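Colleague: I am new to this structure. Could you show me how to read its features?

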There are 2 protein chains.
Amino acid sequence: MPVGTQGSVKGVWPEQLDAAGAEVLLANTYHLALRPGAERVEKLGGLHAFMGWPRALLTDSGGFQVFSLARLREIREEGIAFRSHLDGSSLFLSPEKSVEIQNRLGADIIMAFDECPALPCEEGPLSESVRRTARWLLRSKAAHRREDQLLFGIVQGGTHEGLRRESLERTLEADLPGLAIGGLAVGESREQRLAVLAFLAALLPRERPHYLMGVGTPLDLVESVALGIDMFDCVMPTRVGRHGVAFTSSGRLRLRNQAFESDGAPLDSACGGPCCSRFSRGYLRHLLMAGEPLGAMALSLHNIYYYTSLMARIRAAIRAATFPQLLGEVREIYQRKDPESDGE
Amino acid sequence: MPVGTQGSVKGVWPEQLDAAGAEVLLANTYHLALRPGAERVEKLGGLHAFMGWPRALLTDSGGFQVFSLARLREIREEGIAFRSHLDGSSLFLSPEKSVEIQNRLGADIIMAFDECPALPCEEGPLSESVRRTARWLLRSKAAHRREDQLLFGIVQGGTHEGLRRESLERTLEADLPGLAIGGLAVGESREQRLAVLAFLAALLPRERPHYLMGVGTPLDLVESVALGIDMFDCVMPTRVGRHGVAFTSSGRLRLRNQAFESDGAPLDSACGGPCCSRFSRGYLRHLLMAGEPLGAMALSLHNIYYYTSLMARIRAAIRAATFPQLLGEVREIYQRKDPESDGE
């Protein structure tokens with residue numbers, strides 16, 4: 001899922017996302033609640049009409065942004081008091097409030113309100129956080145008012161196997177249509193993350209989608225799919241694109257590198273997207289060096305094509321029983337360090 | 001002609017310009033010569049391949065930017081010495097050098113190197129400038145090496161009728177395929193500009209295209225067509241779009257105005273472009289207020305649709321002999337001051 005934090009995937013038109021094969025977009029409840037406000041989005045017809053995106057949408061609960069962006073947080077059983085990162089105004093988010101906002105926004109998939117501690121985290125606070133997340137999950141479910149929206153629960157527990165198992169059990173008890181794994185990509189190592197996923201893999205119910213939140217690089221995607229993950233969201237394709245980095249079938253390219261200034265080849269000859277069918281690396285480098293908006297736009301869109309194509313290849317490889325070869329291929333590309341790549 | 005100063009119309013994809021009906025784009029010789037350099041563009045296949053734009057292109061001579069952007073200018077008969085606005089490096093532009101650069105860039109239409117004094121300008125210096133421009137025109141023509149490029153001459157002379165006539169005569173003597181009117185939109189009033197165009201109208205040869213450089217607003221376009229102008233270039237559609245201003249069939253809209261925050265209507269219900277078919281004014285205002293790139297992108301593209309549609313309507317009205325009505329309609333829209341408009 002490409003991420004449209006404030007109701008727009010940065011620098012990309014909705015019809016381009018559609019053509020790239022994006023099936024679901026993520027939008028951030030925290031950002032939209034602050035600006036323009038859930039009531040305003042509702043008044044303008046809900047998030048699909050607001051964004052001009054008729055396909056599927058997912059909103060997060062806002063909890064993660066309260067932890068990562070907002071100021072002066074106070075966590076209570078009732079919810080979290082904080083100050084807006086935009087204007088410092090005092091705000092309060094709780095399971096009931098988060099779900100009410102998400103009901104107003106109107107995405108197809110909404111997320112339970114959870115607590116997401118930064119890692120590393122001591123066992124005591126982590127345990128209390130997991131139990132509070134379980135209580136907040138039941139309150140989120142009770143507050144949910146729209147049958148046309150699917151509520152997903154979130155498994156927390158950091159890198160602690162016992163707490164992960166407990167959180168998964170509490171989440172499964174709530175009997176929701178989808179299951180997310182949160183609390184990763186928040187300070188732990190890649191090995192720790194893979195260990196958590198490997199531990200959970202055997203326990204995840206096959207009949208529900210498994211969504212790994214906020215992850216990650218192309219290699220992260222393939223390795224996580226190998227451990228049972230179905231859905232991802234990440235700002236990486238657009239964020240690194242804005243900074244001049246492209247994902248390609250031969251690894252990452254830093255387009256600002258002088259080596260590309262007279263390079264007439266497309267970013268990736270294996271890509272059929274509008275950037276690679278029209279622009280050379282030399283032109284893209286020029287756009288980036290000259291500060292032309294089209295540079296960031298073209299690389300963002302290209303990276304979205306790369307991600308959607310990678311996920312399509314993963315699905316095809318699973319069907320053809322050739323997934324291990326694809327995993328090996330992507331590992332080979334992204335673990336290699338070469339002059340055109342900055343590796344992982 | 002939408003303007004792609006540095007080889008890109010800011011924030012707009014080439015296929016979007018194509019769909020909007022843009023037939024010619026302008027690119028700036030001064031900017032491209034500084035970065036990435038004419039040799040590099042040539043090496044990457046010329047400006048059409050570089051920009052991914054197979055339709056027509058026009059490059060200016062670079063002279064206007066030397067006057068408006070570069071520093072420490074010294075004007076000699078040979079040419080103009082100046083310092084780059086990017087890095088202060090010493091550079092020199094002459095008729096021969098400008099045409100050589102434009103031959104390398106490879107646009108379909110190229111411009112003779114002229115001197116463009118700011119207005120108001122005393123008759124003495126203006127007269128000298130007109131005569132130098134005439135000598136530089138002959139040198140530009142002599143330096144031109146490519147038969148697949150059309151060289152246009154530029155009529156100067158400020159607001160002085162006698163000097164305008166003299167400059168026109170010298171330009172016509174060079175017997176070039178197109179004729180540009182320069183030296184306007186450089187400090188004179190609207191009335192002075194229209195007076196110059198009215199004076200020249202009776203003298204312009206019917207069989208050559210008449211190109212008014214660097215103009216202007218929608219009203220400027222229609223009023224100038226009434227005085228015999230065929231071609232325009234201006235950064236206005238994209239520049240004001242980036243600043244949140246949209247041209248519509250009911251005048252200019254400043255989308256940052258709070259009045260639009262819950263407005264579910266499209267920018268302009270008379271527009272069939274991708275912005276108006278998908279986005280509400282309320283959403284566009286949100287994008288602008290939130291600093292989302294799509295806001296500037298959508299308004300820039302919308303304004304280009306407005307301009308190309310206006311020119312298409314002008315052509316149709318001339319064929320149908322209803323041009324005076326169209327002129328009256330556009331005057332009524334853009335001379336009216338209303339709460340949603342900032343007038344001219």
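Modeller: Start with pairing. Two strands pair if DSSP finds at least two bridges between them. This is a predicted model. In it, strand 1 and strand 2 (residues 56–59) of chain A pair in the parallel sense, over 4 bridges.

Colleague: Which residue is the bridge partner of A27(A) in strand 2 of chain A?

Modeller: T59(A) is that partner.

Colleague: In what order do the strands of the open sheet in chain A run?

Modeller: The order is 1-2-6-7-8-9-10, with 7 strands in parallel pairing. Look next at the edges. Strand 1 (24–27) and strand 10 (231–232) of chain A each pair on one side only, and they are the edge strands.

Colleague: Which strands does helix 8 of chain A touch?

Modeller: Helix 8 (residues 161–173) of chain A packs on the sheet and touches strand 7 (150–155) and strand 8 (178–181) of chain A. The direction of helix 8 makes about 160° with that of strand 7 of chain A.

Colleague: Now the two chains. How do I read their relation?

Modeller: Two copies of a chain are related by a rotation about an axis and a shift along it.

Colleague: How many residues does each chain give to the contact?

Modeller: Chain A gives 31 residues and chain B gives 32 residues. On the side of chain A that touches chain B, the elements giving two or more residues include helix 1 (14–19), helix 3 (38–43) and helix 12 (274–278) of chain A. Helix 13 of chain A gives the largest share of that side, 5 residues. By type, the residues of that side are 12 nonpolar, 11 polar and 8 charged.

Colleague: Why do the copies meet through the same surface?

Modeller: Compare the two sides. 100% of the interface residues of chain A are also interface residues in chain B, so the copies meet through the same surface.

Colleague: Is helix 13 of chain B largely enclosed or open?

Modeller: Count its buried residues. A residue is buried if 20 or more other C-beta atoms lie within 10 Å of its own. In helix 13 (residues 281–289) of chain B, 8 of the 9 residues are buried, so this helix is largely enclosed by the rest of the structure. Among the buried residues are R281(B), Y283(B) and L288(B).

Colleague: What covers the buried residues of helix 13 of chain B?

Modeller: The cover includes helix 4 (46–51) of chain A and helix 14 (293–319) of chain B. Then look past the helix. G291(B) follows helix 13 of chain B and has a positive phi, near 70°.

Methods: Residues are numbered from 1 along each chain as its sequence is written. Chains are lettered from A and ligands numbered from 1 in the order in which they are written. This is a predicted model: local features need pLDDT of at least 70, side-chain atom pairs count only at pLDDT 80 or more; totals for chains, interfaces and linings use all residues. A residue is buried if 20 or more other C-beta atoms lie within 10 Å of its own, exposed if 12 or fewer, and partly exposed in between; C-beta atoms are placed from the backbone. Two residues are in contact if their C-beta atoms, placed from the backbone, lie within 7 Å. Ala, Val, Leu, Ile, Met, Phe, Trp, Tyr, Cys and Pro count as nonpolar, Asp, Glu, Lys and Arg as charged, and the others, Gly among them, as polar. Axes are lines fitted to C-alpha atoms, for helices over the stretch in contact, and angles run from 0 to 180 degrees between N-to-C directions.
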